[in-house]
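Morning, everyone. Let me put the model on the screen, and then we'll walk through it.

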Amino acid sequence: MPTPQAIPSAGRPLSAGAIALMLMLCLTWGFNQIAVKLVLPDIPPMLQAMIRSMGALPVLFIIGTLRGVKFFERDGTWKPGLIAGLMFGIEFVLIFQGLRLTSASRAVVFLYTAPFFVALGSYQVLGERLGASQWLGLAISFAGVALAIGVPQPNVDAHVLLGDLLIVGGAALWAATTLVAKGTRLRFAAPEKALGYQVATSIPILGLAAYLFGETITHTPSPLSLGLMAFQAIWVVGTTFTLWFALVKAYSASKLSAFTFITPLFGVVGSYFIMHDTLSLAFGAAAVLVIAGLFLVNRPSREAAAPRDALLNATKT
């Protein structure tokens with residue numbers, strides 16, 4: 001794993017283009033949750049995730065081949081790629097099983113604790129530093145997400161708490177996958193190859209989980225479900241996840257992860273228009289909190305401008 005000084009992107013502020021791209025990714029991921037819910041009556045969750053990975057894998061190969069990516073070249077990335085793939089697959093098992101036990105509102109709030117894990121891991125593993133204002137920004141953004149989703153239900157039993165823990169475990173694995181992609185030789189691989197490791201490894205993991213949980217498809221999925229599965233496989237996993245790993249290679253992992261706070265806000269808006277859910281008056285205030293928090297996170301600061309111990313080596317070339 002490279003030393004903190006070997007990661008030049010740690011203190012690099014996000015460009016306007018990177019911010020616009022992250023907003024597009026978050027918009028897609030917010031609506032992806034709606035797509036998953038719409039397909040569930042036809043295809044159960046583990047099988048849905050497995051089919052999504054199976055459909056995304058050839059997309060990655062096509063895109064990568066057109067860009068000249070050498071998928072099978074020996075470059076020392078297979079070990080971190082396999083580790084990232086194991087975490088990627090188990091992450092979705094934990095999240096979907098957690099959703100069986102806890103409410104959707106609690107699940108979304110706990111899932112988006114991932115940026116906190118990334119921020120902590122970035123400091124310990126990558127040497128990225130966050131200033132006090134940026135930590136405050138993370139807290140404000142998370143408060144905005146919690147406010148937008150709503151206050152958790154008061155009736156919480158052991159099963160709900162177990163579901164909450166599974167979701168938090170999934171969030172931690174999401175963060176760990178980001179850190180592996182950023183802090184190992186995997187960061188030197190093409191985004192298509194880095195994601196290909198994860199998607200390919202997740203297929204047998206999700207297939208085994210579907211078998212163990214007794215999932216089956218009992219009828220022919222509707223055209224809407226098939227179309228939404230294509231959307232998930234080709235666009236969400238095959239395209240947007242590739243763009244995410246390209247951004248992770250170029251920018252601060254902690255700052256990028258902070259933008260994922262916007263995803264559930266887009267999901268709430270999408271649910272209003274597509275699922276006809278009711279939006280609370282608190283949503284406007286929540287949006288302001290999230291935007292303010294992200295501004296603080298992406299605000300350059302001297303304390304966070306360089307990796308840990310970099311100031312001690314400022315005179316070195």
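This is a predicted model. Start with the largest nonpolar core, which has 69 residues. Met22, Phe241, Trp244 and Leu256 have the most contacts inside that core.

Take Met22. What does Met22 touch, once neighbours within four places in sequence are left aside? Trp244, Leu247, Leu256 and Phe259.

Now the rings. The structure holds seven aromatic pairs. One of them is Trp29 with Phe241: the centres are 6.0 Å apart and the planes sit at 70°. Over 60 counts as edge-to-face, so that is what this pair is. The pair also links distant parts of the chain. Trp29 is in helix H1, residues 16–39, and Phe241 is in helix H9, residues 223–250. They are 212 residues apart.

Buried or exposed? Trp29 has 8% relative accessibility, so it counts as buried. Phe241, at 13%, counts as buried too.

Ring pairs build a cluster here: Trp29, Phe88, Phe92, Phe96, Phe241 and Trp244. The charged end of Arg52 sits over the Phe92 ring, 4.9 Å from its centre. Elsewhere, Arg187 lies over the face of Phe188, at 5.1 Å from the ring centre.

Last stop, helix H11, residues 262–274. A quick geometry check: 13 residues at 1.5 Å a residue should span 18 Å. The end C-alpha atoms are 18 Å apart, so the two agree. Buried residues in H11 include Ile262, Pro264, Leu265, Val268 and Ser271. Just after H11, His276 takes a positive phi of about 60°.

Over to you for questions.

Methods: Residues numbered from 1 in each chain as written. Predicted model: local features only at pLDDT ≥ 70, side-chain atom pairs only at ≥ 80, totals over all residues. Heavy atoms only, no water. Core = buried A, V, L, I, M, F, W, Y, C linked by side-chain atoms within 4.5 Å. Buried < 20%, exposed > 50% of the residue type's maximum accessible area, 1.4 Å probe, protein only. Contact = heavy atoms within 4.5 Å. Helix = DSSP H or I, 4+ residues; strand = E, 2+ residues; numbered from the N terminus. Expected span 1.5 Å × (residues − 1). Phe/Tyr/Trp six-rings, centres within 6.5 Å; stacked < 30°, edge-to-face > 60°. Lys NZ or Arg CZ within 6 Å of the ring centre and 35° of its normal.
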